[in-house]
Amino acid sequence: MTRSSRFLLPFALVALAASLAVGVPRAAAIDPFPTTGVVTLASDHFTVHYFRDLGCPEAAITQERAGDVLGMAERAYSFYSAMGYTAPVAMTDISVDDFTIGCFAFGFVPVGTPPPLDRWDAILGSEVHVSASTGLGYHVLAHEVFHLFEQTAAPAGMDPWLTEGLAEWAAVRADSAVGGLELNPDRTMDCVGSECGDSEFDKNGYPGWMLFQYLAERFGDAKVKSVLDAAAANPGWAGTQVLSSVVQPLGPTLGKFFEDYTTARLTGNFTFLVLAGVLPKTQGTIIVGSSSGDISPVTLAVNHLAVRFVDLAHGVDTDTGPCYSALLDLKVALPAGVAATPYYSANVKGSVPQAFTVSGNTATLKSIPWNTCGGSPHAYVSLPNESNDVAPPALDGREFTLTGTVAVNKTKPAAASEAPPGTKVPGAVIQVPTTDPAPALTLHAPELIRVSTKTRLLRFIVFSSGDGTLKATLGSTWLGSAGLHAGNNDIRYVLPTQLIRSLRKTNTPANVLMLTSYAPGGTQGASVTRRVAMKPVPKPPKPKKRRG
């Protein structure tokens, strides 16, 4: 006899509940929340390896950010492929790391990588290592991706300055309008290493990108690719030999091509936005006086395949007195054995660079139109050393001396020259204060300045820490304003006739000269004071009494 089912039902329910309890995991197992370890994300040609939060906190990124990295790497890959460069076939690993503590998501950086590692944005080894803090931008990734193309084309490697200069050029082109300028424009072009400048940009040879941009603008993008092809075909060649093999069949020797490049840098004669109109950073300055005579000489040593620039400043500003037309003669004493042609740029609207005439070890340029107006833009002179190891010897430390004379025509008044449109002066990008600081002044004048009653000319030299305006009062009389530039400023005022009588004394309020600096935006700076008095008029000698 079977038992009634109503007695078996409770047991059946208990058994069912027990079986369900065995098959259902706890909440943590149903909904896992990993916080450690390395995650990967892959595309057609790249795999990104990156940390979760607790694996390496400073290197941790989100999956979305990893996707951005993949997208940028693929974009650069497609860009270089479209330019005709041979693309790498194998998948490439990209490791997002913390270089500060050596926390690597995948693989390791090559042994012998110069420390500290956090000086680098990216490090290329068997995989691409990028800094999570500085290496995830498109420019850095595009630079590293081109290195992969270089390795594919020239697996035996090539001269480091070619490798880095080409990769930076490619990254600049891929990034459309983002490129760096060197802190050391006078560095040797084929230099790579810690001795090659004051910034990591210079030390790594990245400024070479501008040379390749000049090559592309002059002869076409395909000739830049020819440089890589020539390096691949001749793995034992120095970078200078490789570049020479490309440019010499086009006409110029390597030295002449470099000289032409430095002339383009002299005036910013480029079509590419980053370089167009950019004036060079100078290593010497000559202030051409407002009176006829010799100018102060400048001597600069220049290494092989390097250039140094000198700027020439005009004399008195038109706000401080009249300025005049002049003619300038320049001469450069060239070092023995260096075939070089200096160039001059007036840096005014409509001007073109002028080559010096070279005879032996002397280069001259005569009757250059000039004026003594301090508001005129500075002129520039290039001093290139085109010697190189393709046509040895490569000569270093060779001194160039720039001298000259100015002839001022004080019967011919002049106005300040107009700068060319679109001119840009290079410099590091820095955070500026919210207020425009006024320049600091140092007045080179005695405590009591004596003025001739005949000319009534008040003249003094004031050193300014930057550009701005100088406003002057003498007692309660407004003398006027004068433009200031960084450095020494020759300031002149012709005193009103009515002040002569009050300035015969030396200790009245009317004698106090107050000079105040103002920033270009109008911010007032500190004031400096002196006393001004007229020169005593000598009394005529008393007539001698005649004897009767």
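**Backbone, rings and charges**

At 47% relative accessibility, serine 367 counts as partly exposed. The model is a predicted one.

Me: Which strand holds serine 367, and what is its phi?

Reply: Serine 367 belongs to strand β14, which covers residues 362-371. Serine 367 is not a glycine, yet its phi is positive. The value is about 55 degrees.

Me: Is arginine 456 buried, partly exposed or exposed?

Reply: Arginine 456 sits in the loop between β18 (448-451) and β19 (457-464). Its phi is positive, near 55 degrees, in a residue other than glycine. The relative accessible area of arginine 456 is 23%, and buried would require under 20% while exposed would require over 50%. Arginine 456 is therefore partly exposed.

Me: How many helices and strands are there in the chain?

Reply: The chain has 548 residues, of which 44% count as buried. Its secondary structure consists of 10 helices and 24 strands.

Me: What share of the contacts between residues at least 6 apart in sequence joins residues at least 24 apart?

Reply: The count takes contacts in the chain between residues at least 6 apart in sequence. Of these, the share joining residues at least 24 apart is 69%.

Me: How many aromatic pairs are found, and why is the pair of phenylalanine 46 and tyrosine 77 given its class?

Reply: A search of the whole structure gives 15 aromatic pairs. For phenylalanine 46 and tyrosine 77, the ring centres are 6.0 Å apart and the planes stand at 90 degrees. Planes over 60 degrees apart count as edge-to-face. The pair is therefore edge-to-face.

Me: How many residues apart are phenylalanine 46 and tyrosine 77?

Reply: Phenylalanine 46 is in strand β2 (residues 46-51) and tyrosine 77 in helix α3 (residues 63-82). The pair links distant parts of the chain, with the two residues 31 residues apart.

Me: Are phenylalanine 46 and tyrosine 77 buried or exposed?

Reply: Phenylalanine 46 has 1% relative accessibility, and tyrosine 77 has 9%. The cut-off for buried is under 20%. Phenylalanine 46 is therefore buried, and tyrosine 77 is likewise buried.

Me: What class of pair do phenylalanine 104 and phenylalanine 108 form?

Reply: Phenylalanine 104 is buried at 18%, whereas phenylalanine 108 is exposed at 66% relative accessibility. Their ring centres lie 6.2 Å apart, with the planes at 75 degrees, so the pair is edge-to-face.

Me: Which residues do ring pairs link into a cluster?

Reply: Phenylalanine 46 and tyrosine 77 are both part of this cluster.

Me: Which ring lies under the charged end of lysine 471?

Reply: Elsewhere, arginine 75 lies over the face of tyrosine 138, at 4.0 Å from the ring centre. The charged end of lysine 471 is 4.4 Å from the centre of its ring, that of tyrosine 518.

Me: Where is the cis bond of proline 116, and where is that of proline 393?

Reply: A cis peptide bond joins proline 115 and proline 116, with omega about -10 degrees. The bond from proline 392 to proline 393 is also cis, with omega near 5 degrees. Proline 116 is in the loop between β3 (92-97) and β4 (122-124). Proline 393 is in the loop between β15 (379-385) and β16 (398-413).

Methods. Residues are numbered from 1 along each chain as its sequence is written. This is a predicted model: local features need pLDDT of at least 70, side-chain atom pairs count only at pLDDT 80 or more; totals for chains, interfaces and linings use all residues. Side-chain values use heavy atoms; hydrogens and water are left out. Rings of Phe, Tyr and Trp (its six-membered ring) pair if their centres lie within 6.5 Å; planes under 30 degrees apart count as stacked, over 60 as edge-to-face and the rest as tilted. Helices (H or I, at least four residues) and strands (E, at least two) are DSSP runs, numbered from the N terminus. Buried means under 20% relative accessible area, exposed over 50%, partly exposed in between (1.4 Å probe, protein chains only). A charge sits over a ring if NZ of Lys or CZ of Arg is within 6 Å of the ring centre and within 35 degrees of the ring normal. Contact means heavy atoms within 4.5 Å.
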